[in-house]
Amino acid sequence: MNIFLGRLAIFAAIFLSWQFASGPLVDPFFVSSPLEIGRRFIELVASGRLFAHGWITVVETLVGFFFGALAGITVGLILGRNALLAKLLDPILTSIYSLPKVALAPLFIMWFGIGIEMKIILTATIVFFLVFLNTYSGVRAVEREQLEILRLMGAKEHHLITKVVLPSAIQWVFTGLKLSVPYALIGAIVGEIMAANRGLGYLLQDAAGQLDTAGVFAALIAIITLALLLQAAVRALETYLMPWKKEQDEREMSV
Amino acid sequence: MNSPHIAIQSRSSPISATATAPTVVSFRDVSKSFTVKGVAKQASHSINVDIQQGQLVTIIGPSGCGKSTLLNMVAGLFCPTTGEVLYRGEAVHGVNGRTGYMTQSDHLLPWRDVAGNIAVPLEIQGVPKAKREARIRELLTLVGLDGHEKAYPSQLSGGMRKRAALARLLAYDPETLLMDEPFAALDAQLRIRMQTELFKLSRQLKKTVLFVTHDLDEAVALGDRCLVFSGRPGTIVRDVPIPLGDDRNIIQLRKNPRYHQLCGDLWEIITPDHDA
């Protein structure tokens with residue numbers, strides 16, 4: 001509770017000094033002011049533009065996130081269980097991984113146009129690598145003895161995957177997923193900034209084009225809100241899927 | 001060769017009824033080498049031993065002498081470099097599903113509660129849910145874990161984790177139990193309790209047990225027979241019968257002069273230079 005009050009105080013201090021500095025100290029043209037931004041934000045909500053554009057970004061992010069994560073988990077699992085294949089594909093994967101995925105955006109625009117598909121694919125590509133690499137490490141980190149003990153119980157590969165590999169890699173998968181949320185938004189927003197007439201990225205770009213600083217900040221707030229909501233959703237899913245983790249965290253630590 | 005060895009061999013009392021039981025595991029001139037950085041290192045050699053059904057055989061010897069390797073070869077996790085490991089007369093190839101393994105670390109799945117962990121082998125065997133639950137209840141009672149079925153491994157004490165691992169091991173009813181210092185990490189009282197229960201269970205369920213330990217007292221208290229390994233490259237230097245009977249009380253053994261005599265004899269075998 002004290003933490004909450006402390007945070008509230010910090011926020012209040014920032015917004016108050018912003019509000020009072022805007023005008024006497026700094027040109028409002030550049031920094032706008034919290035009140036002005038709030039007004040623009042309410043305007044955006046009231047006119048329905050925020051939700052119309054926000055919805056597009058949400059769809060792009062979620063669909064891209066879903067397919068990127070699904071592909072990342074699948075490929076991570078397959079390569080994690082198949083050392084030879086992993087070795088064979090390593091140079092290709094490493095070179096694509098080292099490429100900033102945003103640099104692929106122009107190519108994707110040429111291939112898929114400026115519609116929603118291009119943003120989804122860009123988002124999925126970014127998410128794929130983060131989830132893939134984490135899943136792969138997670139699968140490789142599974143204890144070998146654990147697997148042998150199950151083999152002695154007569155386990156086949158599918159038993160090993162469902163009973164040991166997946167649950168033990170899931171913590172790593174979630175690290176990848178949580179890491180991916182802001183990057184998934186990069187895919188969607190950058191895609192929209194580069195080429196679109198819809199979405200929060202477009203709203204942002206449009207406001208900047210009209211030199212509407214308050215509008216830019218209002219769009220940024222919308223993006224932050226979206227990111228926080230996504231992050232919370234991934235956390236909730238994690239707690240739901242890993243009940244044992246909660247028990248472990250609650251245990252008293254001793255060395 | 002000095003006197004203690006002869007003393008042991010001359011005391012050739014039969015090892016209860018199991019001495020005439022069929023052979024389950026045979027090692028025929030087995031050796032095992034591992035390649036470390038391109039250099040082959042021999043871990044064990046010339047291992048020849050027959051283990052009869054229902055025997056509890058303890059295995060002692062210095063670290064790195066190939067005791068665990070022996071268990072791994074019975075389980076089919078390692079192949080012998082030379083020689084043959086026979087299980088019921090047939091060479092072991094690949095994973096030997098008639099054995100169950102328990103190591104010092106219990107390898108419970110942290111994401112499953114106790115009941116869930118015991119269920120793993122039953123799920124693999126495709127036992128239907130109702131039957132599975134009945135069997136789990138039975139096993140929980142057998143190992144004394146009633147009321148803890150919903151606890152996660154991280155919430156259990158070391159002894160309870162061992163019990164859970166033992167219940168899981170017994171769930172799929174392997175014919176032979178391979179135990180690699182399973183109780184090493186437990187405190188003394190708990191270790192004796194687990195020993196008592198293991199001994200009782202092995203008799204009750206008529207299991208063949210190969211039990212690796214560092215603890216000489218444990219080797220004598222539990223064993224019908226004790227195999228003594230030499231240092232690396234290891235081989236079996238003594239096969240010591242332990243005629244303490246099927247109805248031994250492991251706690252009361254501490255007051256049994258026969259037990260102390262056997263422990264003393266074993267000490268002399270593993271430290272042959274002691275009177276030099």
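In this predicted model, helix α8 of chain A is followed by A:G154, a residue with a positive phi near 95°. Helices here are DSSP runs of H or I with at least four residues, strands are runs of E with at least two, and both are numbered from the N terminus. Residues are numbered from 1 along each chain as its sequence is written, while chains are lettered from A and ligands numbered from 1 in the order in which they are written. Local features need pLDDT of at least 70, and side-chain atom pairs count only at pLDDT 80 or more, whereas totals for chains, interfaces and linings use all residues.

Helix α8(A) itself spans residues 144–152, and its buried residues are A:I149, A:L150, A:R151 and A:L152. A residue is called buried if 20 or more other C-beta atoms, placed from the backbone, lie within 10 Å of its own, exposed if 12 or fewer do, and partly exposed in between. Both chains take part in covering these residues: the cover includes α9 (157–194) of chain A together with α2 (67–75), β6 and α3 of chain B.

This leads to the meeting of the two chains. Here 20 residues of chain B are in contact with 19 residues of chain A, contact being defined by C-beta atoms, placed from the backbone, that lie within 7 Å. On the chain B side, β6 (99–103) and α3 each supply at least two residues, and β6(B) gives the largest share, with four. This side of chain B comprises 12 nonpolar, eight polar and no charged residues. In this grouping Ala, Val, Leu, Ile, Met, Phe, Trp, Tyr, Cys and Pro count as nonpolar, Asp, Glu, Lys and Arg as charged, and the others, Gly among them, as polar.

Helix α3(B) also packs within its own chain. The axes of α3(B) (residues 114–124) and α4(B) (residues 129–143) come within 10 Å and cross at roughly 120°, which makes the two helices oblique. Axes are lines fitted to C-alpha atoms, for helices over the stretch in contact, and angles run from 0 to 180 degrees between N-to-C directions. Angles under 35 degrees count as roughly parallel, over 145 as roughly antiparallel, 65 to 115 as roughly perpendicular and the rest as oblique. The contact joins B:A115, B:I118, B:A119 and B:L122 of α3(B) to B:R132, B:R135, B:I136 and B:L139 of α4(B). Six of these residues are nonpolar, none is polar and two are charged. Helix α3(B) also holds B:G116, which is buried, with 20 other C-beta atoms within 10 Å. The C-alpha atom of B:G116 is 8.0 Å from that of B:E149, 33 residues away along the chain.

Not counting residues up to four places away in sequence, B:A167 touches B:I118, B:L139, B:L140, B:L142, B:V143 and B:L145. In the largest nonpolar core, which has 129 residues, B:V74, B:A167 and B:L210 touch the most other members. Such a core is a set of buried Ala, Val, Leu, Ile, Met, Phe, Trp, Tyr and Cys residues joined through C-beta atoms within 7 Å. Helix α7(A) (residues 116–140) gives the most to this core, with 15 residues.

In chain A, helix α9(A) packs against two partners. The axes of α9(A) and α11(A) come within 10 Å and cross at roughly 160°, so α9(A) is roughly antiparallel to α11(A). Residues in this contact include A:F174 and A:L185 of α9(A), along with A:L226 and A:V234 of α11(A). By class, the contact has 13 nonpolar, one polar and two charged residues. The other partner, α4(A) (residues 49–80), packs against α9(A) at an angle of about 135°, with the axes 9 Å apart; this pair is therefore oblique. Among the residues that meet are A:G64 and A:F65 of α4(A) and A:G176 and A:A184 of α9(A). This contact has nine nonpolar, seven polar and two charged residues.

Finally, two loop residues deserve a look. Most residues other than glycine have a negative phi. A:L211, however, has a positive phi of about 55° and sits in the loop between α10 (200–209) and α11 (213–241) of chain A. A:L211 is exposed, with 10 other C-beta atoms within 10 Å. B:D173 likewise has a positive phi, near 55°, in the loop between α5 (158–171) and β7 (176–180) of chain B. With 13 C-beta neighbours inside 10 Å, B:D173 counts as partly exposed.

Key: Contact = placed C-beta atoms within 7 Å.
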